[in-house]
Amino acid sequence: MGLLNAFKRPSSDHFTLAGKEYLRVTWWKSPRLRNLYLLLTIPLLGSWAEGYDGSMMNALQTSQEWQNFFGHPRGSLLALYNLSFAIGALVAVFPFPWGAYFADHYGRRWGTVCGNVVTIIGAVLQSAAQNFPMFIVSRILLGIGVTISQGNCPLLITELAHTQHRAHVTAMYNSNWYFGSIIAAWVTFGTININSSWAWRIPSILQGAAAVIQISLIWLVPESPRYLINKDRHEKALEILKYYHGEGVMTEFVAAEYLEIKETLALEKEYTNRGWAELFRTPGNRKRALICYVQGFFSQWCGNGLISYYLVPVLETIGITSNTEQAGLNGGLQIWNFIIALWAAFNIDRIGRRPMALGSTGAMIIIFTLWTVFSARYADTQDPGMAKGVLVMIFLFYTAFNCGWQGLVIAYPVEILPYQLRAKGLQLTFFGVSTNVVNQYVNPVGIQNIGWKFYIFYCVWLCVEFVVVYFLWVETKGVPLEEIAKLFDGEDANVGGGAATGRLRDLKEPGVTGATEVDVEHAEHELGNRLS
């Protein structure tokens, strides 16, 4: 019954902040909020380049020009072509997490720009590659650049979005991965028959397009109010909240939101060690750190890597060898994935995080088992019906994956982390994601050596993921960003404003009020004093 209730639409016309209800906002009827979400499409492009990469590398394997230029790579050599991007992603987070450094010291916008500069250099080198080493180095640079920008874009989105829409907009970030993959699939489909190296150089240079767009337009997006308050730029932060969340009016909601953010960050400064050790200092933080890492790790080890980078070898195991047919299936799959991922993003607060993750993982267990059975039957009988069954399972598998994991892999870690740990904890997620260095090497070797039997590993591993999610994940449905800390830390949570814990009463620091009662006049008076 609890699971069924999760799928019912909330009947309330209100949302909650600091223990008080406010009327829901229709964003498309609010001009300034509508403008904010239009601007947020710029950081939403952050996952474009990574999605583009997976789809492009799939599609390039269908290009005879690419195959001839690089000597028809197979097995471990093909793995190296693909996993070089993942090596770059790993370098970007270990031993020094550049994304977190830029985000916390220079702001979310500058961090995005720095990552994109590296991405553009990588795209140019990749398109100009003259040999195997040059192609590999360029892809390592692409992995570094994309990961740095990804360490900033979702932070900017979740910290700017209205409380009511935060989860939806943040989940759209990684769902937008498929926007890049669609473009790559069909660009490569269009260039596949060019009788020169431009068949693969054109898709390669276009991998830097999103980075150029972001560098050009990111300055139109306001900086994160949380970052500004943390840097004691209170008046600018309040102006942003008032302009976009209050339609230019200092509403009671804006005042409550501002004070909750301001007092929460003051508490974090007082009680939190800003170093990396803070991620493991308290039970609540240790649980957050484990979830962040596991979220990234599991998202790469549930079988999706087989299709993200190695669709061609998978299709070859069921007799689909036509380059055009392979490229067309790749393009169609990416469009379907994008539709499902967007649906999941818009329903994240309707269904909840735990039901989405558990339902998604449970469905993948069933589908991957059937996929394995159909592949085994095709290997024995060459029955075309079994090949069609595998194709259906591939589409159903991604339907299940996108309903739970695609959007949550970024949205969930970002929301469970308090401000002082948000950029750092997200690097743990990327560190987990970077373990695809291993499975991108193992997948083509496994498919080449043992065929369908390799799929059994993922059938078993998905069961492990289901159990871990069931016991570890915490439901955050409908909880404001700052107040999620209470779900992990209880009364020891650093939460201010109207939802303040007992810690606020013990803190006597300039800029933090001792009372938790919030009204419009307080915020207006504070803004007036700071501007005068």
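With 532 residues, a compact globule would have a radius of gyration near 24 Å; the chain has 24 Å, which agrees. That radius is taken over C-alpha atoms, and the globule rule is 2.2 Å times the number of residues to the power 0.38. Along the principal axes, the C-alpha atoms fill a box of roughly 75 × 50 × 45 Å.

This is a predicted model: local features need pLDDT of at least 70, side-chain atom pairs count only at pLDDT 80 or more, and totals for chains, interfaces and linings use all residues. Residues are numbered from 1 along each chain as its sequence is written, and side-chain values use heavy atoms, without hydrogens and water.

The average pLDDT (the predictor's confidence in each residue, from 0 to 100) is 86 for the chain. At least 70 is reached by 91% of the residues. Contact means heavy atoms within 4.5 Å.

The chain has 30 helices and two strands. These are DSSP runs, numbered from the N terminus: helices are H or I, at least four residues; strands are E, at least two.

Take H23 (residues 353-381) and H27 (residues 455-472). Their axes come within 9 Å and cross at roughly 165°. H23 is therefore roughly antiparallel to H27 (angles over 145 degrees). Residues of H23 that meet H27 include Trp371 and Phe368.

Methods
Axes are lines fitted to C-alpha atoms, for helices over the stretch in contact, and angles run from 0 to 180 degrees between N-to-C directions. Angles under 35 degrees count as roughly parallel, over 145 as roughly antiparallel, 65 to 115 as roughly perpendicular and the rest as oblique.
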